[in-house]
Amino acid sequence: MSWDPRSIIDLGEFGDPFPTLDTGVEKLLYMAREKGYEAQVSGNVRLEGVTRFAVSQVTQHHDLSTLSFSLVLYKDGRRASANTTLVDDLVGLMKQAEDGLNSSPPNKFDQGFPSPRQSELIDLSAKVWTTDERADSVIASVNAAEEINPDVIVAGTSSTVTTFSRILNTEGTDVESSSSGNYFKVNAIVGPPESRGYGQEETQWRYDAPSFETFAREATRTAVDTLTLKNFKPGEYEVVLGPRAVTDLMNFVQFGTGPVGFHEGTSFTSDRLGDQIFDEKISLHDLPRSPSKAFFTRLFDGEGVPTQDRVFVHKGSLEFIPYDSFTAAKYLGDKNEATGNAGGGFFGGAFLGSAVMESGVKSVREQIAEVGDGLYVKSFWYNRFTDRRRGGLTGLTRNGLYHIKDGELAGAVRNLRYTESFVRALEPGNVISVGKDSRMFMFNTVPSLHLGRYRFSSVAHSME
Amino acid sequence: MSSIIDEDIMAYALEKGQSYAVQYVDVKWMSRDSRSLNVKNGDLEGNSQSKSQGIGIKMLVDGGYGFAASNIISRESIDKIANRAFKVARASGRTMKRPITLAEEPVHVDRVQTPIRKDPLTQPLEETISILVDASKAADLDDPRIKARNAVFSAWTDHMVLWTSEGTRIDQKIYVTGGGVDTLAVQGSNVERRSYPASFRGNFATAGYEYFEEIDLVSIAPKATTEALQLLEAPHCPPRNDATVIIKPSQLMLQLHENGHGFEMDRAYDYEAAFAGTSFMKPHLVDELMFGNELITIYGDATHPRGLGTFYYDHEGVQAQKTTLVDEGRLVGYLSSRETAPLKGWERSSGSARSLNYARMPLIRMTNINLKPGDWSYDEMVEDTKDGYIFDTNVSWSIDDLRLSFQFGMEIGWRVENGEITGLIKKPSYTGITPQFWNSADAVADEKSFQMYGTPNCGKGEPGQVMYTGHGASPTRFRNVRIGVVQE
């Protein structure tokens, strides 16, 4: 064993969960076997430290530890699941799942749990970020922001999370996975209540902490910039999308790539596997086993199937649809076609959570320099599907929208609402360039994008 | 009703918390039991149950909050939780420029629960599954364009025991029950979905299993399929900038929800600036801003019977209240907490602080945000509309971080011409600016057509907290609305 997934838990700080966890999962599997059921059991540890700040001080400070168990029973096409944090009542958990199973009619598609598959263990741990260090990041951010504007109001989040799971099933699977990571975000607000400027910078990080001061200064500069706004009319504009804006679009690309939507005809992927959907400059990988590249990493999925690094969009062509064991059985006829993308639980579905976009060669500054008259969008907000089949979305710009004139930033612009399809925005010919500098977010790592046109439908942040 | 948590453990935890140099401490034990069933095309595809419980300790130290929680309930674990809560509170205290002060609240010693006739978590599973299978089958009208017929049931209880260093001892159990049906129809790239009684897993109420029975999924399922198929053939909602629109409650509830976030006092005072955003309804605008016209009165009412945001005490131990937020158009109030009410000089919290579970600090959450009914009958409102549309059942929503610019999509719309409904339209949508929109209302229907809807999945905070809120309204007519925005 090259890496011990259990070494990620600080036993001195939180206590040792493993005796309870191991005894629990093994007891549940034993009880299930004794009763003649097939079963999948997991024991999960989640540790979270979250420091929220606002009005330039800490407003909420959480320190959480949870040990939980999940049990899925299966017999003759019938299935039921139960989970609990009542670690002393696993007999109750078994009874609940058993009652569920006995009340369930058989599902003709269900083939039970996936067969065991082994995989190499990889260290997915991050730098430990302590409570006091997180409080220090708040103080550093406030001080740096106030260097730019003494009246700035600073807000944000400094958080850390550690997870461990052991998954067993009656097919012979017995796997362990752990992961940890950190997150920093800083927001800046300047100006009087009726006319304010806003800025924000954020990133997930694993090994090297970002410069909190640099982020805070940049957010404050954006807030100062956006105190004075130009009004732009809705319409189509050439755009440079910063990484924070690109991550929002990619979230919808990823979560629109599920097996149910693909087969039911509600997804932009339906009937298009193998097609050139996006511009050839767009290549997307799902890298759950690459901790230096993707934030959401895990060695096994929620069913104990090994994860796999792979390409899902190659030069604009859609090459991969993820499956869990149930959707693999239902749509492909074989539970073992599961791809290692299961969310876990009972018919939990499958998703792409670790996307990495291949970067290009240009910096954001160079991309902006190539725009004659357009917009630079630092981030989007409150994005929602309007038409899943066509990849239609609506949302707003937030925390920095700038006019680009003759290759230079030419002042901030009042926020706009967009109503646009990501399929149309990324279609062949509309992606002018992909940036070289990527930033890591929760479910993807992405650079900036320069697009030929993007459709904005109305003006935001206005009483009129 | 009995508490599961041992009172000795609660007393030990409170005593342990008070043993540190704290200004205030509370101990919150919470337990959630839930059940979820999902039938698709006649097959059971989801049968899951869940139990979670744990204990959280919140401390106020040097004017800063600290909170720690665990699901391991033992004296040894509580010692660790208390120590960690104190450690993070002290770390918070180092950053405080404006120390927290708490609004006064009378001491409450009470034991309460949602009135129910049938416990939704002990009803025989077979019975509920049978209803769902029947509903899914009833939705099958033998048309190959029907790709999915879903029938769902959800129920949970939230049991809270809250003890505070001020002497409050509350034992509260809230029951939630819900269900719904929806049909997905697909023809080529044309995709339509129709849901009853509401989208996204149906409708919910603080009530027992009898509420699920009242929804009567088997009876309403065929209508969902019929309308989904009709929508495939219907014309698109046309783009217009000056439309007259009657919005029915299962859409207007989400308008109230999204605008309702703006009444949250933590947003108004920038406490949620880093995530959820702030509010255009700034503190200096209270008693000044015309949120709507004289037809618009909005309450935050945590006491509305069966509302999904109904309870007896919030998670800071403040008694549930009915708060006027907008009075005949004018902004007059906020949803507040014990921390935020003093910021405006108010003596008492509105009782709006709730947490997802034992492992979260309470945040200001909407209760039931309800629009006061008017005096129009719904039929008269339609008859009075010469050239307009009726929109119903939310499917898409988006609003800016100040809660000003919104855009909604619905499942279904109807054309109204000369006071008569003349046909369906597909993919209706509208967009607008909040105060302009509410000032353009010219008719609010009466109490007879008032309906409550629940939103069980409202997200806020970091770490994320999903909360359930309620929204009641009667059909309301708006003038000069921009519609058809998402038309290709």
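1. A pocket here is an open set of points on a 1 Å grid over the protein atoms alone, where a 1.4 Å probe fits, with protein on both sides within 12 Å along at least five of seven lines, and its lining residues have an atom within 4 Å of a point. The model is predicted, so local features need pLDDT of at least 70 and side-chain atom pairs count only at pLDDT 80 or more, whereas totals for chains, interfaces and linings use all residues. Residues are numbered from 1 along each chain as its sequence is written, and chains are lettered from A in the order in which they are written.

2. The largest pocket is lined by 29 residues, and A:Glu201, A:Glu218, A:Val364, A:Tyr376 and A:Lys378 lie nearest its centre. Among the elements of chain A that give two or more residues to this lining are β6 (197–205), α6 (243–255) and α9 (364–369), while α5(A) provides the largest share, six residues. Helices (H or I, at least four residues) and strands (E, at least two) are DSSP runs, numbered from the N terminus.

3. Domain 1 (5–205) and domain 2 (229–459) of chain A each contribute at least three residues to the lining of the largest pocket; the domain bounds come from an automatic or database domain assignment.

4. In chain B, an open sheet of six strands with mixed pairing runs in the order β12-β11-β10-β15-β22-β21, two strands being paired if DSSP finds at least two bridges between them. Its edge strands, β12 (330–331) and β21 (451–460) of chain B, each pair on one side only.

5. Strands β10 (residues 298–301) and β11 (residues 322–327) of chain B run antiparallel and are joined by four bridges, with B:Ile298 standing opposite B:Val326 in β11(B).

How values were computed
Side-chain values use heavy atoms; hydrogens and water are left out.
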